[in-house]
Amino acid sequence: MTDQTKDKSFFGHPKGLQTLFMTEMWERMSYYGMRGILVLFMTALLQEGGLGLTTVTATAIYGLYTSSVYFMGLPGGWIADRLIGGKKAIWYGGIVIMCGHIVLAIPNESSFFIGLILVALGTGLLKPNITAVVGQLYGSEDERRDAGYAIYYMGINIGSLIGYFVCGYLMESAGWHYAFGAAAVGMGLGLIQFYITHRNLPEVSDKPSVQISDSARKKSWSIIGLFLVALAVVTGLTLVGTISIDAVSLAEKTAITLSALFIIYFAFIYFFGNLDRTEKKGMWALLLICIASACFWSGFEQAGSSLNLFARDYTDRMISTFEIPTAWFQSVNSFFIIVLTPFFAAFWVKLGKRMVTPGYGLKTAFGLIIMGSGFVVMVFAAHIAAGGGKSAAFFLILTYFLHTVGELCLSPIALSAVSKLSPRRYMGQMMGLFIFTYSIGSIIAGLLAGGFDPDNVSEMPSLFQFIATFSIGVGAVVLLIGMFSRKWEQEVVERKDTLEEARDEK
């Protein structure tokens with residue numbers, strides 16, 4: 001096992017970063033490759049090899065799936081912290097994901113839903129823990145940490161680019177289940193390289209970070225076992241028709257439940273967490289950012305649903321004699337992320353040197369407003385479609401460009417805000433609570449996309465106009481409140497810096 005503090009064998013970083021970079025790259029290839037064709041497959045006609053579902057049902061299922069992927073990260077992190085450690089969580093999570101994609105490759109309606117469940121469970125086990133192990137590569141004083149995460153984030157986007165191109169091409173040229181099979185191959189490649197190079201990872205990832213008693217461990221495994229058995233029984237009864245589940249109704253109830261859980265847990269920490277005045281100010285600032293985050297993802301996640309359907313049915317995808325595969329348009333976001341990230345990183349640094357840096361609330365508001373402006377572009381594209389024509393690919397590309405700029409203004413900034421503004425003793429819980437905003441936004445995105453009716457093209461501009469108005473409106477409110485909460489943010493950050501300096505002196 002190499003000394004991580006001295007190891008600079010991977011672009012000046014520990015060699016373990018290469019292991020995690022490659023694992024995450026292939027996992028994201030499988031996840032985004034499958035995600036890019038998911039709604040297209042569900043809405044395709046039976047004679048075309050699809051499931052023949054209505055847009056409303058398909059997008060509700062899509063919302064439930066993407067929401068559960070984020071939500072399952074909470075128990076996935078808990079299992080690693082208390083039962084098996086980060087390294088095993090990554091390994092077993094990857095195996096479950098690969099099995100899920102293999103099941104998806106089977107041309108059978110029942111196996112399709114089983115495959116989705118397996119991918120969601122596996123991703124929930126792998127995703128939060130591989131991110132945590134990246135941090136374990138560096139000591140508390142190692143200045144390479146932020147750069148290491150930047151390299152790791154690059155792997156995510158390279159993987160998604162590969163996934164969209166490979167699965168999107170196979171969908172058009174070979175068939176749906178070849179595309180799902182390619183996702184399984186991608187995850188398999190990630191597992192192979194992880195197995196070969198896992199010894200590069202720090203020893204701390206081998207074991208749980210929280211020690212619990214044997215009785216508590218047995219009880220935990222029993223609860224996990226009961227959950228899996230119950231999930232298997234409900235799934236089986238649903239597939240044989242004993243239980244009937246309305247996907248749209250379930251999505252609506254899930255959205256309400258997740259929102260209620262978020263409010264209750266947030267209120268519990270605020271009122272019963274023994275917080276002082278400054279910490280409560282930080283919580284109010286965080287609440288504003290969480291609201292912005294949930295609203296942002298409800299619009300951004302249209303990429304795999306309504307925007308994907310628009311690309312398929314109402315966009316001119318021809319370049320000479322070549323027709324661009326539908327899923328390739330989603331790769332535009334990943335491409336712009338790779339290109340624009342260095343510029344944004346430099347921009348925030350220069351802005352901080354020349355003037356007062358905007359607060360977290362203001363930055364997230366900008367992100368939400370810019371993302372909403374992408375749907376303004378889609379309103380014009382939808383009017384062209386409603387008039388009987390096909391819109392130019394430029395409209396979708398510009399929309400994804402604006403969404404990417406919005407993402408870079410909001411996503412990394414919001415994560416930084418949680419780490420800076422959360423009360424120190426509730427840091428982990430607040431980060432977990434923040435993940436709820438991804439789940440809430442994703443489930444709402446699926447419900448919103450249900451308004452995309454291919455049989456009623458005249459209503460299409462109204463859908464995009466609603467999302468644009470809602471996003472920009474909420475962004476404007478967050479912007480106004482953020483002007484006041486910025487003072488609270490500064491007070492919290494200055495206090496934390498003072499406490500850290502005092503600890504360093506000791």
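**Entry: the pocket.** I began with the lining of the second largest pocket. Helices α2 (55-71), α3 (73-84), α4 (86-104), α5 (109-136), α8 (214-239) and α9 (247-272) each supply at least two of its residues. Helices here are DSSP runs (H or I, at least four residues), numbered from the N terminus. I noted that this is a predicted model, where local features need pLDDT of at least 70, side-chain atom pairs count only at pLDDT 80 or more, and totals for chains, interfaces and linings use all residues. Residues are numbered from 1 along each chain as its sequence is written, and side-chain values use heavy atoms, with hydrogens and water left out.

A pocket is an open set of points on a 1 Å grid over the protein atoms alone, where a 1.4 Å probe fits, with protein on both sides within 12 Å along at least five of seven lines; lining residues have an atom within 4 Å of a point. I read about 1,700 Å³ for the space in this second largest pocket. Volume here is the space filled by probe spheres set on the points, which are joined across faces, edges and corners.

Which residues lie nearest the centre of the second largest pocket? They are Ser68, Ile117, Phe227, Leu231 and Thr235, out of 47 lining residues. I sorted the lining by type: 33 are nonpolar, twelve polar and two charged.

**Entry: the cores.** A nonpolar core is a set of buried Ala, Val, Leu, Ile, Met, Phe, Trp, Tyr and Cys residues joined through side-chain atoms within 4.5 Å. The largest one has 134 residues, and Met42, Tyr65, Phe112, Phe310, Met430 and Phe464 touch the most other members. Helix α1 (residues 15-43) gives the largest share of this core, 15 residues. A second, separate core has seven residues, including Ala80, Ala89, Leu125 and Ile224.

Entry: Is Arg28 buried or exposed? Arg28 lies in helix α1 and counts as buried because its relative accessibility is 5%; buried means under 20%, exposed over 50%, partly exposed in between (1.4 Å probe, protein chains only). Its side chain makes a polar contact of 2.7 Å with that of Glu27. Such a contact is a pair of N or O atoms within 3.5 Å, one able to donate a hydrogen and the other to accept it; neighbours in sequence count only if both atoms are side-chain atoms.

Gln18 is also in helix α1. I found Gln18 partly exposed, at 32% relative accessible area. The C-alpha atoms of Gln18 and Ile151 are 9.4 Å apart, though 133 residues separate them along the chain.

Note on methods: Ala, Val, Leu, Ile, Met, Phe, Trp, Tyr, Cys and Pro count as nonpolar, Asp, Glu, Lys and Arg as charged, and the others, Gly among them, as polar.
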